[in-house]
Amino acid sequence: MLLLVVAFIGGVFTVLSPCILPVVPFVFARSDQPFVTGRLPLLIGLGGTFALLTGLGAAGLEGAARLSEYGRYVALALFAVFGAALLFPALATRLAQPLTTLADRFVARSGGSGGSYGSDRSDGSSTQGTAAQVGPALLLGAATGLLWAPCAGPILGLILTGAVRHGVTWQTWAALGAYAAGAACSLAIVASLGKRAMDALKRSLGVGEHLRRALGVLVLVTVGAIASGVDTRVLAHLPGSPTEALENRLTGQLNANATAAAASVVTVRQARQSPKASSLRVSTSAAAVPPAAALPVEGTLPSLDGASAWLNSAPLAPQDLRGKVVVVNFWTYSCINCLRTLPYLKTWAQRYQNDGLVVIGVHTPEFGFEHDAGNVKRALADLGIRYPVAIDNDYRVWNAFGNAYWPAFYIVDAQGRVRYHHFGEGDYGQAERAIRQLLAENGHSTDAHAAHVVQASGAQAPADPADTGSGETYLGYREGRGFASPQALQPDSTASYTLPANLPLNAWALDGRWNIGAESAVPAAPQAGVAYRFHARDLHLVLAPAPDGKPVRFRITIDGAAPGDAHGADVAADGTGVVTGARLYQLVRQSGAIGDRIFEIRFLDAGARVYTFTFG
């Protein structure tokens with residue numbers, strides 16, 4: 001229920017977002033119509049179409065993106081006719097005549113009188129029938145929904161993230177419906193204010209017909225702007241929604257509730273298949289946990305039978321782990337937050353292995369290439385992971401724990417009881433104290449072990465959160481945001497793109513020939529590039545070679561020059577590097593003062609898959 005409330009509030013906030021601007025003229029142009037038969041059907045059509053197409057896209061249906069793209073062309077054509085009808089009253093009369101005739105025939109066949117659908121005015125003219133009003137309003141609303149692409153702020157992003165991780169369920173549809181309803185309510189207020197303003201102008205200045213024509217011109221100009229991509233270029237230079245901080249607080253509250261729900265799932269050992277509200281990569285603690293001196297019993301260790309395979313070990317079950325203290329870590333190998341927890345997990349596994357500690361990694365994938373057990377096996381070798389790892393491609397172990405985060409870990413005592421959990425990075429000292437306490441409860445003294453500082457390098461080094469002003473950014477259209485190329489994004493098709501003259505902070509753009517898919521963007525020709533304006537010490541990019549496995553060469557620049565000493569672990573000082581496997585690549589590691597920088601990567605060969613930027 002809380003998710004629906006938060007989704008509705010997120011929809012209401014869209015009226016303050018720059019992304020709503022392209023559709024406002026279409027809503028405003030209908031503000032002179034009666035609410036029940038004119039404005040309300042338009043808003044219902046808008047919200048319904050948006051929720052339907054967004055849900056189909058989140059479900060990963062191949063035709064959803066093309067349906068949306070072709071629908072945009074139809075919608076633009078429809079609004080071009082609508083704008084012309086406002087500009088030329090004679091055209092409006094001709095267009096309305098077929099609908100009026102159809103309504104009259106329906107009334108006649110049903111045995112009613114035309115008066116139920118239309119009434120005569122004192123001047124002898126006939127008002128348009130109710131059916132003839134509602135139909136066009138619904139149609140225009142559906143067209144507006146096809147043109148509306150709201151900014152994927154924290155709340156909408158949370159809904160779509162949950163859908164991608166767990167599949168589209170009734171909760172997804174309900175949340176999208178609530179989001180659309182919230183947006184419709186805010187737009188209803190805009191239309192109502194517009195109606196009052198128009199009525200006032202008509203009364204005071206007597207410019208009703210001129211105002212109608214002006215609205216027609218506005219609609220036609222907006223159609224031209226959207227068709228030519230001018231709206232995208234303008235929006236790329238506007239600041240984001242001023243409500244994003246409030247949205248983050250709301251999603252934080254929702255995540256806290258999901259955390260409590262996850263704990264209750266573990267407590268009663270329910271292997272629930274229904275998804276949580278969200279599945280997120282987190283870099284800080286998602287919930288407060290008690291100190292190691294007073295560890296509560298949170299439940300019992302769920303079954304691990306859902307794993308499709310095991311690496312570094314034979315399959316393990318809860319009964320096999322009795323008498324051991326167990327750390328169960330949920331991770332995925334291309335997640336930067338997960339990678340930064342590995343030095344601690346590996347240290348604990350080695351430091352306390354003779355005292356009865358077992359560390360188990362549960363690899364639950366995000367991207368398609370992470371489902372490949374061969375890729376995971378290579379990652380374990382590269383990362384030096386020797387403890388058991390369960391392959392959880394079907395999310396069955398994830399759901400058994402009621403988990404919702406990457407990374408997350410649960411600490412289980414020798415009796416098989418969950419005694420501690422932590423979501424995200426950080427609080428490693430507290431977690432190690434919990435491990436030592438549970439080992440002591442099991443009769444193993446750990447006083448001889450020095451809890452020295454864990455050393456980490458490369459992408460596994462701790463982030464610099466105090467000076468990180470950029471967040472994870474996906475390049476696939478399913479979760480992508482911040483796209484700033486002058487051209488409109490063409491999903492699932494090869495198109496040419498160029499870089500804008502000015503790239504805003506935390507925006508990205510393409511240059512050259514690209515094919516943008518749901519999960520990743522793929523350079524379709526040599527020398528294609530990606531640019532990103534960021535603010536952080538480190539920049540990482542999740543990359544994969546072409547499907548045939550052939551390496552792809554690349555070169556990076558920072559503010560137009562080779563990175564030099566600012567190069568990351570996977571690139572040389574001159575900016576050259578090679579994509580040899582599907583994983584996270586550290587491309588920038590700066591020292592000294594951190595400022596806004598423009599990063600660019602240019603692929604010397606075609607075929608690489610570019611998934612997501614992460615920072616630290």
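A salt bridge here is a side-chain nitrogen of Lys or Arg within 4 Å of a carboxyl oxygen of Asp or Glu. The views below come from a predicted model.

**View 1. Asp538 and Arg589 meet in a salt bridge.** Their side chains come to 2.5 Å, N to O. Asp538 sits in strand 15 (residues 538-544) and Arg589 in strand 18 (residues 583-589), so the pair ties together parts that are 51 residues apart in sequence.

**View 2. Arg340 pairs up with Glu425.** The closest N and O atoms of this salt bridge are 3.1 Å apart. Arg340 belongs to the loop between helix 12 (336-339) and helix 13 (342-351), and Glu425 to the loop between strand 9 (417-423) and helix 16 (428-441), so parts 85 residues apart in sequence get tied together. Both Arg340 and Glu425 are buried.

**View 3. Glu432 and Arg351 link helix 16 and helix 13.** Here the closest N and O atoms of the salt bridge are 2.5 Å apart, and the two residues are 81 residues apart. Glu432 has 9% relative accessibility, so it counts as buried; Arg351, at 11%, is buried too.

**View 4. Asp413, Arg417, Arg419 and Glu441 form one network.** Salt bridges that share partners do the joining. Across the whole structure, the search turns up 13 salt bridges.

View 5. The chain's mean pLDDT is 75, with 62% of residues at 70 or more. Over residues 110-128 the pLDDT is below 50, and likewise over residues 258-292.

Definitions and conventions. Residues numbered from 1 in each chain as written. Predicted model: local features only at pLDDT ≥ 70, side-chain atom pairs only at ≥ 80, totals over all residues. Heavy atoms only, no water. pLDDT = per-residue confidence, 0-100. Contact = heavy atoms within 4.5 Å. Helix = DSSP H or I, 4+ residues; strand = E, 2+ residues; numbered from the N terminus. Buried < 20%, exposed > 50% of the residue type's maximum accessible area, 1.4 Å probe, protein only.
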